[in-house]
Amino acid sequence: MLVALLLVVLLVVFRRPLADVLWPETRVQALLDQAARALADGRLDAADGSGARQLYEAAQALDTDRSEASMGLRRVGQEALRQAGAALAQSRFAEARERLALARELQVPQAQADALAARLRAREAEHAGLDNVMQAAARAHEAGRLVGGPDAALPLYQRVLALQPTRLEALEGREDALSDLLQEAGRHLQRNELGPAASLIGQVRAFDPGHVDLPQAQAALATALEARRRTAARDLARGRLVAAQAAYDDVLAAAPDDAGARQGLEQVGVAHAVRAERHAADFRFDQARQALARARTLAPQSARVVQAEQVVARAEQGRGRPGTGMPARERAQRVQTLLAAVADAEAEAKGHWLTPPGESAYDNLRAAQALAPDAPAVRQAAARLLPAVRNCYEDELRANRIRRAQACLQAWQTLQPREAGLADARRRLAEKWIAVGSERLGAGDVAFAAQALEEARRLDAAVPGMDDFQARVRLAQAPQTR
């Protein structure tokens, strides 16, 4: 009796799973019955699985050989199409679109779905008053308000075409308006106003990527950008830093992600840093601080800018600003002291003409020149120091210590800016920068190679090998900018 009772309990508890295993047809039929009731109740689609569509699909998954489920799905599609028509008749456009989408998913005949879709667009167009919208678009077009707000011509044309894609007057109006925008973009390009031109071309692309004149406008923009980049590079090589920065800014206004322009601005910042060092060497500290401010803005992460800050700071601490109101006797004593320091450095004969910054023989001589530029003793000291500075340049260049050679060259230029041999010295140092940069580039040091390229360009932009080295550096930098 206990065993019999246990069997009865098990059958009661597990009757449904056992039935599904032993009699799968029973489960399929139950799903079909539930689907039919859902269809009769108008519950066609439900996220919780209780819709007629989901129930018929579940029955179909359990038994693919039975045709009742597929027939039921076709009835659901037809009912969705009928409900879409009823919603359309009552101007419930959102519901009509939803039911039409369901009917298409269930693969109702395409002709029926397309016919209802056309009726839906026509009714929505009537409801939206598209004739009034077209009139507003025409008025905005005539007034020249093509973009810039929802009441401008192009957004209004687009609103009409969203509901009536084949409306000829809207298509023609949009085409004319886009052509007007591209003509305006062309006028901006002629004035080198790359940012506004790029903005207009981008708006045309957003409204109609297939516009017939768009490829030509995009090509013209690309050409203008490349020309502006070349102009910026030339200005940078010639030391016209303000013009170079303006040109690179123009490029970034049109192409904010342009890696070449961003790198160019950083190079302009480095050039300002170098200029700050030169101003500090001549005790023009106001100009040096101004140049440093520009350098920090354009190249805040550059090690070269940090170096320039240190050089300027040491120069200010070591010399300060020469006083223009110094009494003559005090001035003479100060000059004598400075020249004595120069003579002491010469007597040491260790080649320390440029170090330490602010206290070197060169710095002391420059300070004496600032106080008494025409004094015979100062001129004699400069004449004595000039050969030492030349020798410093040659020695450092032979030893491949190019940064120190560049410092010697800077001192040489300061002491005798019109000497004929300076042009050759600059060229040889530029060649050395390219040679060392090429070697480091081969070892994978792209950052040093890029710096070497800029130093060489600053010294002599026409030095042999410049174009080839620049191409190699740009190629090495390309993967880093993607």
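This is a predicted model: local features need pLDDT of at least 70, side-chain atom pairs count only at pLDDT 80 or more; totals for chains, interfaces and linings use all residues.
Residues are numbered from 1 along each chain as its sequence is written, and side-chain values use heavy atoms, leaving out hydrogens and water.

**The chain overall**
- The chain has 23 helices and 0 strands, taken as DSSP runs numbered from the N terminus (H or I, at least four residues, for helices; E, at least two, for strands).
- Of its 482 residues, 41% count as buried, meaning under 20% relative accessible area with a 1.4 Å probe, protein chains only.

**How α4 meets α5**
- Helix α4 (residues 52–62) packs against helix α5 (residues 68–89) at about 160°, with the axes 8 Å apart.
- Residues in contact (heavy atoms within 4.5 Å) include Tyr56 of α4 and Leu73 of α5.
- This contact comprises 6 nonpolar, 3 polar and 4 charged residues.

**The nonpolar cores**
- A nonpolar core is a set of buried Ala, Val, Leu, Ile, Met, Phe, Trp, Tyr and Cys residues joined through side-chain atoms within 4.5 Å.
- The largest one has 59 residues, and Leu365, Trp412 and Trp433 are among those with the most contacts inside it.
- Helix α19 (residues 376–398) gives the most to this core, with 10 residues.
- Another core, of 48 residues, lies apart from it and includes Leu161 and Val251.

Conventions: Buried means under 20% relative accessible area, exposed over 50%, partly exposed in between (1.4 Å probe, protein chains only). Axes are lines fitted to C-alpha atoms, for helices over the stretch in contact, and angles run from 0 to 180 degrees between N-to-C directions. Ala, Val, Leu, Ile, Met, Phe, Trp, Tyr, Cys and Pro count as nonpolar, Asp, Glu, Lys and Arg as charged, and the others, Gly among them, as polar.
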